[in-house]
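Let's take a friendly walk through a protein chain, looking at its strands, its rings and its cores.

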Amino acid sequence: MCLMDLLQCSQKLRSKCKRRRSMSLDNLPDGLLLEILLHLPLQSVFQCKCVSNRWCSLISTPYFTHRYVSHLHTNLQPFTLLFECKDDQSITRVLATNSEEEPKLKSLAAYVHRQSEHLWLEASCNDFLLWRAKDDGVPSPMSVYYVTNPITRQCIALPPITLPYHRSWIQAGLICSYDYNKKQLSFSVVLIPYFRDKLREFKVYIFSSNTREWSEPMVLCLDPEGFELTHFALCAVPYKSLLFWCSNSGRLLGIDPYNTRCCRSFEQPIGWEFDKEADCFGVCRGCLRICQISMFYTRFSSILRIWELKDYDNEGGGKWYLEHEVSVNQLVSKKSPWLTEHVQQKYPLPLVLAFHPNDGDILYLAIELKVLLCNLRSKTVEVFCDIPHEPDTWNDKCNIINFVLPSWPTPIPFAPSQNGA
């Protein structure tokens with residue numbers, strides 16, 4: 001190789017190194033940068049919006065949102081169980097997470113922990129959480145509620161409201177809806193004061209994000225027997241544009257916050273034990289489910305049953321079908337013999353925490369300060385995680401929320417981009 005060739009080669013190398021040094025993510029074309037951002041976790045995507053105006057504009061486009069949601073469409077959405085542990089510190093703790101997605105949920109756990117220092121967790125819908133301000137030792141006739149999105153850190157305070165009963169005697173629900181014609185998202189908060197008798201008509205308190213005001217409409221239950229909502233009712237479940245409550249007798253009442261004179265009601269499933277309350281109520285694979293553990297003293301065993309509401313439509317259709325019927329004595333642990341012994345003993349019965357949102361065979365239980373993953377098809381039960389603190393009200397109705405992370409976070413109407421309650 002001659003000297004001229006060496007000089008040309010050296011010049012090319014210096015030019016190539018210079019180009020490499022100048023190459024950065026800021027120099028990438030939008031198309032390539034978008035493909036990189038599509039593979040990031042959701043929380044990281046929102047952190048990237050703070051890098052530069054260009055990145056923020058790119059991530060904020062409807063095109064990026066559509067591509068990101070489509071990219072995650074085939075993947076199961078991560079979720080976490082939020083268990084309101086009413087201990088001496090009044091702390092809301094994250095008890096269980098999807099282990100494969102746990103790193104993505106660490107910031108959520110920290111956020112919920114901070115909020116629970118001065119707020120009670122009441123309900124959820126999509127990625128919204130409904131909170132109620134604590135008294136902090138100073139009784140007040142006014143109640144203040146907050147709606148937050150722990151993913152985007154958005155938070156709004158609802159107007160204070162005076163309620164006829166103590167806050168702990170109020171059942172709260174949260175539901176979101178989307179108007180495809182106006183391309184507008186809205187949410188409603190529904191509060192039901194406790195009442196003992198079966199009523200066909202009763203007052204509720206509804207906040208609408210459209211009006212930004214509270215209203216006090218009357219709910220008309222078309223069931224001739226009326227509806228009974230007890231003090232220890234399970235959390236409200238948003239489903240098909242309605243907020244559903246489950247009574248201790250296993251009957252459902254669905255309230256439309258935009259038309260309280262039009263409600264849906266469903267009788268108990270066939271095989272329901274009337275002197276035993278519901279143990280769990282929620283949504284699995286897009287269908288309403290209800291669970292009850294019945295104690296048969298003649299058999300000296302407990303039977304766990306799960307019913308699913310199928311053939312649901314807006315015309316009044318819907319029928320309960322028995323999905324699972326398993327004797328608790330049949331549940332075994334392949335990894336922990338001591339767990340088999342504890343689960344199969346007569347007392348205490350396992351506490352049913354929640355349904356798995358995607359797998360109809362999985363149920364989450366709790367016993368001996370352990371969260372258990374129960375596979376009803378294989379009749380196996382294993383320790384999923386430890387309960388970090390023993391609650392004082394372990395045997396009472398506990399506020400357990402299954403928080404499912406969406407493919408793309410839902411913006412709270414008229415809320416600041418980031419805030420904290």
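Please keep in mind that the model shown here is predicted.

**A sheet of strands**

With that term in hand, look at Gly254, whose bridge partner in strand E18 is Arg264. Strand E17 (residues 252-255) and E18 pair in the antiparallel sense, and four bridges join them. These two strands are part of an open sheet of four strands, in the order E15-E16-E17-E18, with antiparallel pairing. Which strands form the edges of this sheet? They are strand E15 (237-239) and E18, each of which pairs on one side only. On average, neighbouring strands of this sheet are turned by 25° against each other, with direction ignored.

**Rings that meet**

Next come the aromatic rings. A pair of aromatic rings is described by the distance of the centres and the angle of the planes. The structure holds eleven aromatic pairs, and here are two examples.

| Pair | Centre to centre | Angle between planes | Type |
|---|---|---|---|
| Phe187 and Phe207 | 6.0 Å | 35° | tilted |
| Phe266 and Tyr312 | 6.0 Å | 40° | tilted |

Phe187 lies in strand E10 (residues 184-193) and Phe207 in strand E12 (residues 205-208), so this pair ties together parts that are 20 residues apart in sequence. Are Phe187 and Phe207 buried or exposed? Both Phe187 and Phe207 are buried.

The other pair in the table links distant parts of the chain, 46 residues apart: Phe266 is in strand E18 (residues 263-266), while Tyr312 is in the loop between strand E21 (301-310) and strand E22 (319-327). Phe266 and Tyr312 are both buried.

Ring pairs also build a cluster, made of Phe128, Tyr145, Phe187, Phe207 and Trp214.

Finally, look at the cores. The largest nonpolar core has 28 residues, and Leu37, Phe64 and Trp408 touch the most other members. Several elements give two or more residues to this core, including helix H2 (30-37), helix H3 (42-48), helix H5 (62-71) and strand E27 (400-404). Which element gives the largest share of this core? The answer is H3, with four residues. Another core, of 22 residues, lies apart from it, and Phe128, Leu158, Ile170 and Val189 are among its members.

How values were computed:
Residues are numbered from 1 along each chain as its sequence is written. This is a predicted model: local features need pLDDT of at least 70, side-chain atom pairs count only at pLDDT 80 or more; totals for chains, interfaces and linings use all residues. Side-chain values use heavy atoms; hydrogens and water are left out. Rings of Phe, Tyr and Trp (its six-membered ring) pair if their centres lie within 6.5 Å; planes under 30 degrees apart count as stacked, over 60 as edge-to-face and the rest as tilted. Buried means under 20% relative accessible area, exposed over 50%, partly exposed in between (1.4 Å probe, protein chains only). Two strands pair if DSSP finds at least two bridges between them. Axes are lines fitted to C-alpha atoms, for helices over the stretch in contact, and angles run from 0 to 180 degrees between N-to-C directions. A nonpolar core is a set of buried Ala, Val, Leu, Ile, Met, Phe, Trp, Tyr and Cys residues joined through side-chain atoms within 4.5 Å.
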